[in-house]
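Look at the sequence and the model side by side.

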Amino acid sequence: MEGQQFVPMSATRIIDRVFFFYSKNFLKFAAMISIIFVPIGIISAFLNVTVISSPNQNMSGAEAIIAIVMALGPGLLSMLGTVLCSGILAQGFSELYLGKSLETGEVFGVVLPKLGKMIGAGFVSTLIIILGYFLFIVPGVIFGLWYSMISVVIVLEGSGAMSSLSRSKELTKGNLGKIFGTIFLAGLIAAIINGALTGIVGAIMGGGLAAITDPESVESASTTFLIVQQAMQTIASIITAPITAGAIVLLYYDLRIRKEGFDLEMLAQGMAGQDTAGIDQEVRDFTYDPGRLD
């Protein structure tokens, strides 16, 4: 039974295992992501409200620059949080997959020193992907699939920013269809949950806002709407981020098993650095179904 979790997996089995690990460790994942996204959400809400409430006429040059920076701030903070979150979740799901316990301090301790590499690799890959979309879209999709593993490779293998690009491309080569299908399925589930959380609140708040006619009341209600909307987006991110990230981590291990032939001992000792006797009982309890393999 011990080696049965280290087998090639179909897309649906990968999603099953993501939810298995996620449901067992929901509070720990929520706590780790909250450390990242709650401060970002608070700062973003403050910046959005400040930009909207500030007069936009008769600004000096310095004030205009500050206003632009504040307007761009939420987006930049969100990008930074997303990069850090991808690394945290990569390490977290890897710990669980290899049968180790999920410890918040240890996870952050591993990932934070590698944040610069992830930002650099993410910046370069994003430029390449954008260029691909200008080349009739399809190349952009292909490039995105090639580089879907860069954060995982940097965190789990210690690759450099540029070497992670080639390593990710090497791992994904020949499996783009499966990678696309798995990420699409995970993303669709996350999008449905996200839409349910933010859409209902947005519709209620938007309907209430439309019914207000007094200008001062509209301004006050708009501020409240922005704060509530930011709060719901933060909550939605905390809940849904592990779904796609977990799928990518399990895809990574699936590709390594298929391409590099790691058995249980090699995978546990090589990637976790400890003896296979410590495989967590919860992981062993996950039912192996050979009929669902590719």
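## Charged pairs and their helices

Glutamate 157 and arginine 256 form a salt bridge, with their closest N and O atoms 3.6 Å apart. This pair links distant parts of the chain: glutamate 157 is in helix α7, arginine 256 is in helix α10 (residues 215-260), and 99 residues separate them. A salt bridge here means a side-chain nitrogen of Lys or Arg within 4 Å of a carboxyl oxygen of Asp or Glu. Helices are DSSP runs of H or I with at least four residues, strands are runs of E with at least two, and both are numbered from the N terminus. Side chains of opposite charge can pair when their charged atoms come close.

The model is predicted: local features need pLDDT of at least 70, side-chain atom pairs count only at pLDDT 80 or more, and totals for chains, interfaces and linings use all residues. Residues are numbered from 1 along each chain as its sequence is written, and side-chain values use heavy atoms, leaving out hydrogens and water.

How many salt bridges does the rule give? The count comes to six. The table lists three of them.

| Pair | Closest N and O atoms |
|---|---|
| Glutamate 157 and arginine 256 | 3.6 Å |
| Glutamate 157 and arginine 167 | 3.0 Å |
| Arginine 258 and aspartate 254 | 2.8 Å |

Glutamate 157 also forms a salt bridge with arginine 167. Glutamate 157 lies in helix α7 (residues 150-157) and arginine 167 in helix α8, so this pair ties together parts that are 10 residues apart in sequence.

Are these side chains buried or exposed? Buried means under 20% relative accessible area, exposed means over 50%, and partly exposed lies in between (1.4 Å probe, protein chains only). Glutamate 157 is partly exposed at 28%. Arginine 167 is buried at 12%. Arginine 256 is buried at 7%.

Arginine 258 and aspartate 254 make a local pair. Both lie in helix α10, four residues apart, which is about one turn of the helix. Arginine 258 is partly exposed, at 34% relative accessible area. Aspartate 254 is buried, at 0%. Salt bridges that share partners also join Glu157, Arg167, Glu170 and Arg256 into one network.

## Helix α8

Helix α8 covers residues 161-172, 12 residues in total. From first C-alpha to last, α8 reaches 17 Å, close to the 16 Å expected at 1.5 Å a residue. That expected span is 1.5 Å times one less than the number of residues. Which residues of α8 are buried? They are Ser164, Leu165, Arg167, Ser168, Leu171 and Thr172. Glycine 174 follows α8, and its phi is positive, near 85°.

Tyrosine 133 is in helix α5 (residues 115-134). Tyrosine 133 is partly exposed, at 42% relative accessible area. Leaving aside residues up to four places away in sequence, tyrosine 133 touches Gly140 and Val141. Such a contact means heavy atoms within 4.5 Å. Tyrosine 133 and phenylalanine 143 are 10 residues apart in sequence and 9.1 Å apart in space, C-alpha to C-alpha.

Next comes the loop between α5 and α6 (138-146), where phenylalanine 136 is found. The phi of phenylalanine 136 is near 65°, a positive value in a residue other than glycine. Phenylalanine 136 is exposed, at 77% relative accessibility. Isoleucine 137 is in the loop between α5 and α6 too. The phi of isoleucine 137 is also positive, near 70°. Isoleucine 137 is exposed, at 51%.

## The whole chain

What does the chain contain overall? There are 12 helices and zero strands. Buried residues make up 40% of the 294 residues. Among contacts with a separation of 6 or more, 79% are between residues 24 or more positions apart. The accessible surface is about 14,400 Å², and 68% of that belongs to carbon and sulfur atoms. Accessible areas come from the Shrake-Rupley method with a 1.4 Å probe; for residues, only the protein chains shown count as cover.
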